[in-house]
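Please open the model in a viewer and keep the sequence beside it.

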Amino acid sequence: GKILDGIGLQIPHGQAVALIGSNGCGKSTLLRCCLRLIEPDAGRISLLEQPVHALEPGRLRQLRAKVGLVFQKHNLVPGLSVLTNVIHGAFARTCSPRIWLQGFAPLELREEAMHCLEQVGLAHLALSRTGELSGGESQRVAIARALMQRPRIMMADEPVASLDPKVGMEVMELFYGLIHRQDL
């Protein structure tokens, strides 16, 4: 059977939208279809005024680079520093191997990553290893890494599901505030 059928959704610039539904109803599938991480069987998808459903691979990669994604699993590299993990967000716009470790990254990228960490309130943890962080801190680092992409749009897939309710609320308020400050 069909997972999603008859979905019609248009989100204007500057809007924050939350999809709410029970487990297995298709929220994550819809998000992944919007980026063609899952190929839809039918229909049209436009994102940032581009026809996602019809883009060839190179143009699709360029579009995806403009989307900051935050997942429930933070997907950080635990043995590396917080700063290095944030710098990795720049892989969306440059494929230089110099940004794999912050010590080799250009000064301007390190400074930009520190600014992203300041925005999520974690500049003081820049040199800590991500494996030492709490769940809420890890999710804030993941948000800083997404900001490092210089995204035009931010998307999150259950970003606070693994956090306790108080920390989850703090992270969502931060996420929402950043979206509006960045004018995404």
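A residue is called buried when its relative accessible area is under 20%, exposed when the value is over 50%, and partly exposed in between, using a 1.4 Å probe and the protein chains only. The model is a predicted one, in which local features need pLDDT of at least 70 and side-chain atom pairs count only at pLDDT 80 or more, while totals for chains, interfaces and linings use all residues. Residues are numbered from 1 along each chain as its sequence is written, and side-chain values use heavy atoms, with hydrogens and water left out.

**First stop: the salt bridges**

Side chains of opposite charge can pair when their charged atoms come close. Here a salt bridge is a side-chain nitrogen of Lys or Arg within 4 Å of a carboxyl oxygen of Asp or Glu. How many salt bridges does the structure hold? There are 4.

Select R32 and D157, whose side chains meet in a salt bridge at 2.7 Å, N to O. This pair links distant parts of the chain, since R32 belongs to helix 1 and D157 to strand 4 (residues 153-157), 125 residues apart. Helices (H or I, at least four residues) and strands (E, at least two) are DSSP runs, numbered from the N terminus. Is D157 buried or exposed? D157 is buried, because its relative accessible area is 10%. R32, in contrast, is partly exposed, with a value of 27%.

Next, select E39 and R36, which form a salt bridge through their side chains at 2.9 Å, N to O. R36 counts as buried because its relative accessible area is 14%.

Then move to E170 and K166, another salt bridge, with 2.7 Å from N to O. Both residues lie in helix 6 (residues 165-181), and because they are 4 residues apart, about one helical turn separates them. K166 is exposed, at 60% relative accessibility, whereas E170 is partly exposed, at 32%.

**Second stop: a pocket**

Rolling a probe the size of a water molecule over the atoms shows where empty space is left. On a 1 Å grid over the protein atoms alone, a pocket is an open set of points where a 1.4 Å probe fits, with protein on both sides within 12 Å along at least five of seven lines; a set from which the probe cannot get out is a cavity, and lining residues have an atom within 4 Å of a point.

Select V67, L69, F71, N75, H88, G89, F91, A92, A142, R145, A146 and Q149 to display the lining of the second largest pocket. Its volume is about 300 Å³, a volume being the space filled by probe spheres set on the grid points, which are joined across faces, edges and corners. Which elements each supply at least two residues of this lining? They are strand 3 (67-71) and helix 5 (135-148).

Select I7, L9, I11, V17 and L19, which form a nonpolar patch on the surface with about 460 Å² of accessible area together. A patch is made of residues with over 30% relative accessible area and no salt bridge, with nonpolar side chains (Val, Leu, Ile, Met, Phe, Trp, Tyr) joined within 5 Å and like charges within 9 Å. Accessible areas come from the Shrake-Rupley method with a 1.4 Å probe, and for residues only the protein chains shown count as cover.

L19 is found in the segment before helix 1 (27-34) and is partly exposed, at 44%. V17 is located in the segment before helix 1 as well, and its relative accessibility of 49% makes it partly exposed. From V17, draw a distance to Y176: the C-alpha atoms are separated by 9.9 Å, although the residues are 159 apart along the chain.

**Last stop: two backbone angles**

Most residues other than glycine have a negative phi. Select L48, whose phi is positive, near 50 degrees. L48 sits in the loop between strand 1 (46-47) and strand 2 (50-51) and is partly exposed, at 23%. Finally, select E158, which has a positive phi of about 45 degrees although it is not a glycine. E158 lies in the loop between strand 4 and helix 6, and its relative accessible area of 34% makes it partly exposed.
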